[in-house]
Every structure is written in structure tokens, then in C-alpha cells.
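Please look over the notes below with the model open.

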Amino acid sequence: MDTHKTEITQQLYKYMLANSVKEEDALLQKIRHASQQTDGAQLLITKEQVQFLQMLIRISGTQEILEIGTFTGYSAVAFVQALPKTGHVTTIDRINKFPEVQKLWAPVLSQITPIVRPAIEVMPELIDDRRNFDLIFIDADKGNYLNYVNYGYNLIPKGGLIIIDNVFMLGGVATDSERPRYVNMRHFNQSIYNDERFDISIIPIGDGMTLLRKK
Ligand SMILES: C[S@@+](CC[C@H](N)C(=O)[O-])C[C@H]1O[C@@H](n2cnc3c(N)ncnc32)[C@H](O)[C@@H]1O
């Protein structure tokens, strides 16, 4: 198998960030700062992921987004900012641990529907309700990733996108480590690579994001 044309060293990654990542707008900055005061500061997607996903939302004409893994709503608010005024984000989390941070959503609240329940229970109900989304972003419990992709398949049209975060597990997937979390993610990555229902691409920003397009 070919290796990367250009090795992505930390130095090169920093160069890429310095030449592509813009200042966040005030609302996202506020939510990022407030999130960083919580015990899950490292859970947010990165600024380069935000820009990439916002670009994708804009160029794909996405209207309806389903997110699995709300946390403080940083990514959900970023998605709304890239949507047209008629667009909407439904975001699921099993807990609402930081309601005070979520108060910051106020300027975009009419375009976000939070659902506070386990996603594995909610997704089959969304299918029963014949809900449809253009894009599904999966950023929650890794052990359920395959289930989320399988349910997600039934919630998007042909050409719809499923995007999965943390597929590199901070590099652990490409080591010999037998830690269950790495073994599980390797199994997931292999399974969706072999899944002929989707076109696939992995984008090596943040902790690695897989893009699946329903054929
Ligand atoms: C990495 S954080 C999401 C970060 C968010 N997408 C962002 O970038 O702003 C993962 C979230 O998934 C949630 N989660 C974990 N297990 C879940 C489950 N079974 N169903 C729904 N949400 C779950 C956690 O509570 C946590 O808030």
C-alpha cells in the first residue's frame, strides 16, 4: 500500500492550521471557553474540523442534520451557523450535564432540537417516524458506532452523508496495542471499509474523521 505523499509531521500540521484556521466567531468562542471549564474540555471537535464541516454543509446544500453526541453543543451550534435559516440540527445526548453552557445557544435555539436520551433508543424511533437527514455526525460512545451507522443508513437519502469522529483514537488504531478501545475501533474501521453501501474517505484532521456517502 502506498504511504502518504507528504508526511504529516506536527510541524506541518501546525503550518496547515496557521494557514487555514480562521478566528472563531464570538458565539463559538464563548461556548468553547465555557466548555473548557467543564471536566470534558478535550471532547470538543477542533477548529479545523469545524471549518471543514461547515464547508461541507455549505457546499452540499444540507438542510437537516442529526448529531449523536451533543456535549455542550459546540459542534451543534457550529453546524447551525453553516445552515440556511430554514436548516435544522437535531442533537442527541444521553445526559445534559452542562445546562448552563447550553444557555449560550440562545441566538440559534430555534434551529436546534436537543434530545436527552441514549441514541441507541432514539435512532430506531426516528426511523419509525420516517425522519430524514442530509447529514449525520457521530461523536459519542465508540462501542455503538457500527449500530449508529446502520441506523443512520435508514435515516439518509441516497447521496446523504454520515461523518464519524475519532476514528484514529489518537493514533492507537495504527499500533500493535490490544487495548479493547483500539481493537474495537479497528474492527469498526475495517467493517465500514468493507461496507459496499457507502463511498468512503478518511480525513486526517483532528482525531480522524470518516466520511461515508450513501450510494
Ligand atoms: C465527544 S462528546 C461530543 C462533543 C460534541 N460533538 C462537540 O464537539 O461539541 C461525546 C458525547 O457523547 C455522549 N454520549 C455518550 N454515550 C452516549 C449514548 N449512548 N447516547 C447518546 N450520547 C452519548 C456523551 O455524554 C458526550 O457528551
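**Notes on the predicted model**

1. On one side of helix 6, Glu-121, Pro-124, Glu-125 and Asp-128 are exposed (12 or fewer other C-beta atoms within 10 Å of the residue's own; buried means 20 or more, partly exposed is in between; C-beta atoms are placed from the backbone). Helices (H or I, at least four residues) and strands (E, at least two) are DSSP runs numbered from the N terminus.

2. This is a predicted model: local features need pLDDT of at least 70, side-chain atom pairs count only at pLDDT 80 or more, and totals for chains, interfaces and linings use all residues. Residues are numbered from 1 along each chain as its sequence is written.

3. Ala-119, Met-123 and Leu-126 are the buried residues to check in helix 6 (residues 119-128). They lie on the same side of helix 6 because they cover an arc of only 60° around the axis (taken from the directions from the helix axis to the C-beta atoms). The buried residues pack against strand 1 (64-68), strand 2 (88-93) and helix 7 (145-153). Arg-130 follows helix 6 and has a positive phi, near 55°.

4. The ligand is surrounded by 18 residues, the closest being Gly-69, Phe-71, Tyr-74, Ala-140 and Asp-141 (C-beta atom, placed from the backbone, within 6 Å of the molecule). Helix 4, strand 2 and helix 6 each supply at least two shell residues.

Terms used. Two residues are in contact if their C-beta atoms, placed from the backbone, lie within 7 Å.
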